[in-house]
Amino acid sequence: MNVRDALRATGAFVEYPDAELDLLVSVCDLRRYASGDELCREGTVGRSCYCVVAGAIDVFKTMPQGEVPIASMGPGAIAGQVALTQKVRRTATIRARGEAVVLEFSRDTFERLLGASSPLALRFQRQIAVAGIRQLRDALKRIAAVFDTDDGKAPASARGSAAPPPDQAKAREVLALLEGAKGWDLSVETLDAVEVVSMPRHPSRRPSAY
Amino acid sequence: MRATEAHLRVLERVRAFADLSVQERSEVLMFARERRVGVGDVLFQEGAAGDSLFMVLEGELSSLVRTRVAGAKPVEVSRAVPGEMIGEMACLDPAPRSALVIARTACVLAEIDRSSLAAMEQALPRASSRLVGWIIELVHARMAAVNDRVAKALAPPGTPEPSVPPPPPPAAGSSAPPPRGSVPVPAAAAQAVADVRSGFRSFIDRLRGSV
């Protein structure tokens with residue numbers, strides 16, 4: 001099976017005409033990783049995103065208690081896509097789980113195609129947007145499910161099992177939330193933008209972090 | 001809708017449109033429908049179907065969501081002013097609106113629905129890529145906020161947090177506080193969980209306002 005057919009078989013690129021998928025494959029670098037190989041490292045400046053063609057990748061994030069796996073992604077998944085549109089540092093490390101075949105799409109190439117209004121770039125850009133919207137909705141839903149326990153009851157997922165000590169419970173809940181953020185390497189530098197787009201401008205009404 | 005000088009100046013301030021020409025910005029408005037709402041008018045209800053995004057050209061709107069904490073009473077989670085966008089997520093990926101949006105003042109909005117966006121992509125690929133880029137920017141920023149909050153919540157209780165008030169001094173006669181990073185006493189941990197919960201709840205409500 002060639003790369004184009006493999007990509008199409010993932011189900012993530014069904015809307016792409018053959019010519020566009022061929023173009024995508026030709027402008028990207030096809031890379032093969034052995035188990036444990038690093039695709040990118042947290043803290044480095046990202047210049048590309050990754051489309052998993054075969055195999056799987058794991059996403060890790062550095063937490064106060066050490067490196068924590070936050071997501072696993074299989075064929076058809078796109079990871080590190082923030083670097084395609086913004087100059088930001090990677091906020092997660094990605095490694096191959098088993099042997100993995102990955103297409104690497106560089107920002108330079110993406111920008112050049114977008115600048116030329118290539119239908120491939122427009123379609124890919126839209127795919128990034130929709131993927132982001134779904135991941136955000138999913139993350140919010142998970143957060144709400146974990147934390148919306150104002151009636152004093154434990155979240156549904158915790159009911160029926162013995163309650164772990166509070167500090168462990170906290171860590172567990174938060175780890176569950178991170179699952180919702182799978183595939184995103186985001187930087188806190190963009191936080192200021194959130195205040196502009198989603199909060200009242202009045203300074204006294206700015207929320208304080210808890 | 002026809003572009004006015006004032007409306008074009010509003011779009012000129014939108015960062016995602018910075019490299020578009022005046023001509024291109026006015027062409028974007030050609031694909032939009034003018035929508036005028038008066039003070040107190042509802043632009044859309046929480047849970048409503050809809051696939052339009054709105055660029056605010058004049059006026060100010062509030063997004064409100066119902067919180068379970070305050071019963072059924074809606075609370076304001078964000079405001080939109082000229083140069084900002086509302087409803088963009090449902091336009092690219094249709095789903096029920098996640099907030100109620102009400103006009104605080106008389107407003108002029110440029111409404112672009114899903115089919116207009118598709119038409120715009122054909123006719124104005126450059127401008128529509130900037131519009132989608134704008135949406136990506138908003139979504140990434142919101143996701144970054146989620147990640148940041150989660151990372152903060154994961155930090156052990158001893159981690160310095162500039163915005164958190166210092167703990168109260170120990171009561172007279174009590175022993176010295178344990179060193180930072182030590183295992184917290186259950187009561188302190190329970191309080192930490194409660195703080196995280198209430199912090200997240202208001203944070204989620206704010207994000208939900210980004211319909």
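Guide: Helices (H or I, at least four residues) and strands (E, at least two) are DSSP runs, numbered from the N terminus. This is a predicted model, in which local features need pLDDT of at least 70 and side-chain atom pairs count only at pLDDT 80 or more, while totals for chains, interfaces and linings use all residues. Residues are numbered from 1 along each chain as its sequence is written, chains are lettered from A and ligands numbered from 1 in the order in which they are written, and side-chain values use heavy atoms, with hydrogens and water left out.

Visitor: Which pattern does chain B follow along the sequence?
Guide: Chain B contains 6 helices and 8 strands. When these elements are read along the sequence, the pattern of chain B is α-α-β-β-β-β-β-β-α-β-β-α-α-α.

Visitor: Which pattern does chain A follow along the sequence?
Guide: Chain A is built with 7 helices and 6 strands. Taken along the sequence, they give chain A the pattern α-α-β-β-β-β-β-α-β-α-α-α-α.

Visitor: What percentage of the 210 residues in chain A is buried?
Guide: A residue is buried under 20% relative accessible area, exposed over 50% and partly exposed in between (1.4 Å probe, protein chains only). In chain B, which has 211 residues, 49% count as buried. For the 210 residues of chain A, the buried part is 49%.

Visitor: Of the contacts in chain B with a separation of 6 or more, what percentage joins residues 24 or more positions apart?
Guide: A contact means heavy atoms within 4.5 Å. In chain A, among contacts between residues at least 6 apart in sequence, 73% join residues at least 24 apart. For chain B, the contacts between residues 24 or more positions apart account for 77%.

Visitor: Which helix gives the most to the lining of the second largest pocket?
Guide: A pocket is an open set of points on a 1 Å grid over the protein atoms alone, where a 1.4 Å probe fits, with protein on both sides within 12 Å along at least five of seven lines; its lining residues have an atom within 4 Å of a point. The second largest pocket has a volume of about 790 Å³, and among the residues closest to its centre are A:Glu15, A:Tyr16 and A:Arg123. Both α5 (119-147) of chain A and α4 (114-123) of chain B supply at least two residues of the lining. With 10 residues, the helix that gives the most is α5(A).

Visitor: How many disulfides are there over all chains?
Guide: A disulfide is a pair of cysteine sulfur atoms within 2.5 Å. A:Cys28 is in no disulfide, and the nearest cysteine sulfur, that of A:Cys51, is 5.8 Å away. A:Cys28 counts as buried because its relative accessibility is 7%. Over all chains, the count of disulfides comes to 0.

Visitor: Is A:Ser117 buried or exposed?
Guide: A:Ser117 lies in the loop between α4 (107-115) and α5 of chain A. Although A:Ser117 is not a glycine, it has a positive phi of about 50°. Its relative accessible area is 19%, and therefore A:Ser117 is buried.

Visitor: How many Å apart in space are B:Thr4 and B:Ser26, C-alpha to C-alpha?
Guide: B:Thr4 is placed in the segment before α1 (5-12) of chain B. With a relative accessible area of 35%, B:Thr4 is partly exposed. B:Thr4 and B:Ser26 are 22 residues apart in sequence, and in space their C-alpha to C-alpha distance is 8.5 Å.

Note on methods:
Points joined across faces, edges and corners; volume = space filled by probe spheres on them.
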